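My entries follow the structure.

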Amino acid sequence: MSKLTKNQKLVADKIEAGKAYSLKEACELVKEITTTKFDASFDIDIRLGVDPRKANQMVRGVVSLPNGTGKQVRVLCLCTPDKEAEAQAAGADYVGLDEYINKIKAGWTDVDVIITMPAIMGKIGALGRILGPRGLMPNPKSGTVTMDVAKAVREVKQGKIDFKVDKTGIVHASIGKVSFTTEQKLGNAKEFINTIIKLKPATAKGTYIKSIYLSSTMSRGIKVDPKTVEEA
């Protein structure tokens, strides 16, 4: 058995094996067990009691984190000329149409979110093979296909993220940075969890929230007692 490093030993001493912490305690602990030299992401993993293979048990949605994500989100707005000024004023990093569609066809995907309009989806459909695997394909359900592109850009810049349960029944998301205060991390975590609860499929039986874990980039996961979410 390999020996623990100094940092691993410090982390192991802070987390009690098998214990489920309150949501607030877990938010505090994340910073204590993070040893990276950069400002790591604050992540959440929620295992749900759903069968993602069934269309009526797919859990996906969007949430506006009250304290933002803590990272610069690069937004490309593919829109008609009459909407370009609005998108730029709202903070979009790249605005245009055909020139960016051609750049993407050539392999350029140096953005985090793409926002567009319903009338333009016909042109973007051909980019599915490039954008789909990277999670960049605009989708009306996530609010990235809309006539009000300015509002969509502002929301993304302010901390709106989309999420979807994976094939194993887990929802994973980065909901901030380790450098956030405990209250900021707690606020974002509560908002995310409560959004997941509101999206419970009517066909889901038994325990819906099976487990919650908080972690940071490259840190151990901290188990959270789901019953403490409302108490936080």
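I looked up I44 and found that its bridge partner in strand 7 is A173; helices (H or I, at least four residues) and strands (E, at least two) are DSSP runs, numbered from the N terminus. I note that this is a predicted model, in which local features need pLDDT of at least 70 and side-chain atom pairs count only at pLDDT 80 or more, while totals for chains, interfaces and linings use all residues. Residues are numbered from 1 along each chain as its sequence is written, and side-chain values use heavy atoms, with hydrogens and water left out.

Next I checked the pairing, for which DSSP must find at least two bridges between two strands. Strand 1 (residues 41-48) runs antiparallel to strand 7 (residues 170-177), with six bridges joining them, and strand 1 also pairs with strand 8 (residues 209-216) in the antiparallel sense, over seven bridges. In strand 8, Y213 stands opposite D45.

I then asked how covered strand 1 is, and found six of its eight residues buried, that is, under 20% relative accessible area, with exposed over 50% and partly exposed in between (1.4 Å probe, protein chains only).

Last I turned to H172, which lies in strand 7 and counts as partly exposed because its relative accessibility is 45%. Leaving aside neighbours within four places in sequence, H172 is in contact (heavy atoms within 4.5 Å) with D43, I44 and D45.
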